[in-house]
Amino acid sequence: MSAQSTAGIDEPEQPDHPSRSDGFVRGLSQAIGGPLGSHAVGIDSPTGREGRFWTAARIVLALVCLTLALHWVQKSPCQDGAWQNNIQYTRFCYTDVLALYYAEGLNEGKVPYRDHPVEYPVVTGYFMGALGLPVHSLGESNPEINQGMWFYNLNALVLSVLAVATVAVILSLRRRRPWDAAMFALSPALLVTATVNWDLLAIGLAAFGLYAWAKSRPTAAGILLGLAGAAKLWPIFLLGPLLVLALRANRAKQALVAIGAAAVSVVVVNLPIALPYRENWGRFFDLNTERAIDWGTLWYIGRYLDGKWNSGIPGDQGPFQWLSNNIPTLNYLSYFLFGLACLAVALLAIRAPRRPRLAQLAFLVVAAFLIFSKVWSQQFVLWLLPLAVLARPRWGAFLAWQFAEVGYFLAFYGELLGASGKPVIPEGVFVLAATLRLITVAALCWLVVRDVLHPERDAVRATYPDDPDGGVLDGAPDAPWVWWWRRNGKPHTAASQPPDLAAPAR
């Protein structure tokens, strides 16, 4: 099979049907008559032969629009900004987007970084200013309008467009598996957290970056991933798996081009702020250095458990309580554990019987960052969402994780009410919800690692011969040095690859 066909240019006659290939969906389908029959003429006929408007891709795009519309309704009680009697907590509708319109001085016409320090990387600050300053100008001309509401709704519209674009990217990367994108489109976590913050900005840019890499455009991929990393830091971590896989495939040049392009784009967008407004620009880095243990993290859970056996006073502190009082040490330990996890992922990529897919390693790296970070905000689930869909499109474990995330979301608002003086749940309930979230993410990591070590379990490889996201890596043979890391002591060249991988590199 040629490398072009593995990239999705030649698509199969029939796409994947989850009611046949996914055990969880197959079981659920029994309630409506069982899996799709082999002679059925349905909505996911081959592209160009559907004979009807509602194709699988269009249904998925409609579903994500529905989810985002329901999210907007769920946030509507908070849109006017009149947050009385803790309505933002009792209605689960708090959003940083509206709160920070006032906290960052956008309602006064302050330019981000120039007039006010911003706690986010510069692309997010640019985005806030690009939407906020015109709203402020409009409000000055029309005093009767609610500026905060206009700002939130404008942001919600743009972020929703980015979410729809992310689904479109997933559909483009999985043309043989269009229903995988429904996992993103119907995500309960997306329903409740889509516009809590500006995370969908980085997610949309990162999705386009992955798409550019899949289309063998490393420069464009690097620029987009760099811009995404300048909006939220985590997309920069995707460059690590990309480099490791490129080294195994003897395609390091293309990976270095992408990394170089990412570095240039990060510098270009930061310099106009970092040079003239260094102190305000550095607020993001200072905050992350000084910030204490945040709610719901591994460290928070550990500190809670410490309190069950120790009083917390000097001389009677558990290790997590001690770390809570020694933030620099906590920072170093968090960085060390994340670095150790990245090293383990790199070794996995080299020692795996077949070269892992890019999405698999990307998911593991970002998940490790969240697991060991001292901050794990409710909306950070969105970072993992597209990567989880691309890495392991199996509904059972995915839904277990999603329900754990929604449970944490609800418990988080209970904890917020408690902090405001109106406790509704014991802290132990919140810690239990945080623990379940941690466990389900760790379980997903284990399942992805299992798929890497046993490629025959990989749902995507049951449909595609190699890696549809791999770009120049897709169908490439292992580099000659890889044999040193393999048990059989034989070099893995194109001839020693499985037959469907012995293809010329693009």
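Leaving aside its neighbours within four places in sequence, which residues is A163 in contact with? Select A163 and look around: the partners are L68, F184 and L200. Keep in mind as you click that this is a predicted model.

**Stop 1: around A163**

A163 belongs to helix α8, which runs over residues 147-173. With a relative accessible area of 0%, A163 is buried, since buried means under 20%.

**Stop 2: helix α19**

Next, select residues 327-351, which make up helix α19. The end C-alpha atoms of α19 are 36 Å apart, and that agrees with the 36 Å its 25 residues should span at 1.5 Å a residue.

Colour the buried residues of this helix: I327, L330, N331, S334, F338, A341, V345, A346, L348, A349 and I350. What do they pack against? Show α13 (239-248), α16 (283-290), α17 (298-309), α18 (319-324), α20 and α23 (427-453), and you have the partners of those buried residues.

**Stop 3: helix α20**

One of those partners, α20, covers residues 358-372. From first C-alpha to last, its 15 residues reach 22 Å, close to the 21 Å expected at 1.5 Å a residue. Is α20 mostly covered or mostly open? Mostly covered: 13 of the 15 residues are buried.

**Stop 4: aromatic pairs**

Time for the rings. A search of the whole structure turns up 26 aromatic pairs. Begin with Y89 and Y413, a tilted pair with 6.4 Å from centre to centre and 55 degrees between the planes. This pair links distant parts of the chain, as Y89 is in helix α5 (residues 87-90) and Y413 in helix α22 (residues 395-419), 324 residues apart. Both Y89 and Y413 are buried.

For another geometry, go back to α19 and α20 and show F338 and F369. Their ring centres are 5.4 Å apart and their planes sit at 70 degrees; over 60 counts as edge-to-face, so that is what this pair is. F338 lies in α19 and F369 in α20, so the pair ties together parts that are 31 residues apart in sequence. F338 has a relative accessible area of 14%, which makes this residue buried.

Then select Y89, F92, W295, Y300, Y408, F409, F412, Y413 and F430 together: ring pairs link them into a cluster.

**Stop 5**

F92 sits in the loop between α5 and α6 (96-103). Its phi is near 55 degrees, a positive value in a residue other than glycine. At 28% relative accessibility, F92 counts as partly exposed.

N86 is not a glycine either, yet its phi is positive, at about 60 degrees. Is N86 buried or exposed? At 17% relative accessibility, N86 counts as buried.

**Last stop: charges over rings**

Finish with two arginines. Show R437 and W376: the charged end of R437 sits over the W376 ring, 4.0 Å from its centre. Then show R58 with F53, where R58 lies over the face of F53, at 4.7 Å from the ring centre.

Definitions and conventions:
Residues are numbered from 1 along each chain as its sequence is written. This is a predicted model: local features need pLDDT of at least 70, side-chain atom pairs count only at pLDDT 80 or more; totals for chains, interfaces and linings use all residues. Side-chain values use heavy atoms; hydrogens and water are left out. Helices (H or I, at least four residues) and strands (E, at least two) are DSSP runs, numbered from the N terminus. The expected span of a helix is 1.5 Å times one less than its number of residues. Buried means under 20% relative accessible area, exposed over 50%, partly exposed in between (1.4 Å probe, protein chains only). Rings of Phe, Tyr and Trp (its six-membered ring) pair if their centres lie within 6.5 Å; planes under 30 degrees apart count as stacked, over 60 as edge-to-face and the rest as tilted. A charge sits over a ring if NZ of Lys or CZ of Arg is within 6 Å of the ring centre and within 35 degrees of the ring normal. Contact means heavy atoms within 4.5 Å.
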